[in-house]
Amino acid sequence: MLAIGFDEPGGPQVLRPVDVPEPHAGAGDVRIKVVAAAVNPSDTVTRSGMAHDRYRAVAPPYVPGWDAAGIVDEADPATGWRSGDRVVAVTLPVLAGGGAYADKIVVPAGQVARMPEGSDFASAATLPMNGLTAWFALDALGPRSGRTIAVTGAAGAVGGYVIELAKTRGYTVIADAKPSDEQMVRDFGADIVLPRGDDLARHIRAHVPDGVDALIDTALQGQAVLPAVRDGGSFVILRPAALGGGVTPERDISVHLVMVADHLDDPHALGELSRLASEGALTLRVARTVPAEQAARAHEVLEAGGVRGRIVLEFP
């Protein structure tokens with residue numbers, strides 16, 4: 001069976017087509033014929049070796065990828081899924097049978113949801129991991145975190161979902177953008193859009209002198225934007241300190257690390273995200289599609305920066 005993987009961590013060039021055994025659905029599982037798999041920054045972390053300790057005990061080839069959209073072709077009847085159902089899924093890369101860069105994947109039924117109505121496979125594949133990251137980032141704030149939040153990296157895939165989800169939950173949102181992205185960020189629903197850059201915390205304080213109740217740092221600016229948060233507020237990071245996402249807490253600010261891998265057993269969130277996308281409350285953004293065999297090039301483009309939306313690998 002075709003997959004895209006690597007034998008040793010390295011640059012994008014290590015990715016290549018590999019032949020792996022075809023998986024089968026066990027109890028509680030769903031097998032999906034993958035049509036589209038999104039390429040995320042976390043995939044480049046996996047491939048580069050930054051997180052190699054997590055999968056050192058796994059035999060290569062290592063298959064990256066969190067996000068898939070495709071068609072159910074085998075399932076435990078008890079799951080309720082049937083052959084022919086069009087679905088989205090989130091899966092652990094490399095571990096648990098391999099990631100989404102594969103012709104077929106097997107995942108627990110709780111990691112599967114119906115494709116958003118009106119979407120195609122490529123756009124649907126951009127929802128799971130980034131949407132879940134935004135969902136759980138907002139959940140981390142809790143009901144007592146106040147109603148004003150700031151979002152860094154607002155034009156990115158996660159940042160856009162954070163803004164749109166925050167508006168469905170009644171937050172006032174302050175977001176950053178470079179001039180060419182400003183209108184797009186406003187269209188996501190941001191109430192205030194400020195210049196992207198090193199002075200973001202100062203600009204936020206100019207609008208909210210006491211500081212925002214919470215900040216979700218999708219751009220990994222870390223300590224540079226911590227001053228934007230009020231005393232006793234909340235700061236959400238999306239990578240551990242070892243991977244460049246840490247901050248040193250101060251002024252009783254609560255720091256929350258959100259990683260989708262910690263929430264894969266949640267059976268509710270992905271279905272809700274699909275529903276919101278079906279209703280038009282979430283914007284599914286495809287930067288471009290490429291054949292799966294061009295995954296190395298997709299990683300090169302993503303790492304060069306400036307991609308808006310997600311590059312999506314298409315499987316035959």
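This is a predicted model: local features need pLDDT of at least 70, side-chain atom pairs count only at pLDDT 80 or more; totals for chains, interfaces and linings use all residues.

Biologist: Where does Arg251 lie?

Modeller: Arg251 is in the loop between strand 12 and strand 13 (254-257). Its phi is positive, about 55°, although Arg251 is not a glycine.

Biologist: What about Leu220, what is its phi near?

Modeller: Phi of Leu220 is near 60°, again a positive value in a residue other than glycine. Leu220 sits in the loop between strand 11 (212-217) and strand 12 (229-237). Leu220 is partly exposed, with a relative accessible area of 31%.

Biologist: Zooming out now. How many helices and strands are in the protein chain?

Modeller: The protein chain has 8 helices and 15 strands. The C-alpha trace spans about 60 × 40 × 35 Å along the principal axes.

Biologist: And what percentage of the residues is buried?

Modeller: Buried residues make up 55% of the 316. The accessible surface of the chain is about 12,800 Å², and carbon and sulfur atoms hold 50% of that.

Biologist: What share of the contacts joins residues 24 or more positions apart?

Modeller: That share is 66%, counting contacts with a separation of 6 or more.

Biologist: Charges next. How many positive and negative side chains are there?

Modeller: There are 28 positive and 39 negative side chains in the protein chain. The centres of the two sets lie 3 Å apart.

Biologist: Let's look at a helix. Which residues of helix 8 are buried?

Modeller: Helix 8 covers residues 295-304. Its buried residues are Ala295, Ala296, Ala298, His299, Val301 and Leu302.

Biologist: What covers those buried residues?

Modeller: The cover includes strand 1 (2-5), strand 3 (29-39), helix 1 (41-48), strand 14 (286-291) and strand 15 (310-314).

Biologist: Which residue follows helix 8?

Modeller: Gly305 does, and its phi is positive, near 90°.

Biologist: Back to strand 3. Is Lys33 buried or exposed?

Modeller: Lys33 is in strand 3. Lys33 counts as buried because its relative accessible area is 19%, and the cut-off is under 20%.

Biologist: What lies 2.8 Å from a polar atom of the Lys33 side chain?

Modeller: The backbone oxygen of Pro316.

Biologist: Which other residues is Lys33 in contact with?

Modeller: Leave aside its neighbours within four places in sequence. Then Lys33 is in contact with Ala69, Gly70, Ile71, Asp73, Asp103, Lys104 and Phe315, as well as Pro316.

Biologist: What is Gly49 in contact with?

Modeller: Pro9 and Tyr55, leaving aside neighbours within four places in sequence. Gly49 and Glu8 are 41 residues apart in sequence, and their C-alpha atoms are 8.2 Å apart in space.

Biologist: Last one. Is the peptide bond from Pro60 to Pro61 cis or trans?

Modeller: The bond is cis, with omega near 5°. Pro61 is also in the loop between helix 1 and strand 4.

Conventions. Residues are numbered from 1 along each chain as its sequence is written. Side-chain values use heavy atoms; hydrogens and water are left out. Helices (H or I, at least four residues) and strands (E, at least two) are DSSP runs, numbered from the N terminus. Buried means under 20% relative accessible area, exposed over 50%, partly exposed in between (1.4 Å probe, protein chains only). Contact means heavy atoms within 4.5 Å. Accessible areas come from the Shrake-Rupley method with a 1.4 Å probe; for residues, only the protein chains shown count as cover. Lys and Arg count as positive and Asp and Glu as negative; His and the chain ends are not counted. The place of a charge is taken as NZ of Lys, CZ of Arg, CG of Asp or CD of Glu. A polar contact is a pair of N or O atoms within 3.5 Å; within protein, one must be able to donate a hydrogen and the other to accept it, and residues adjacent in sequence count only if both atoms are side-chain atoms.
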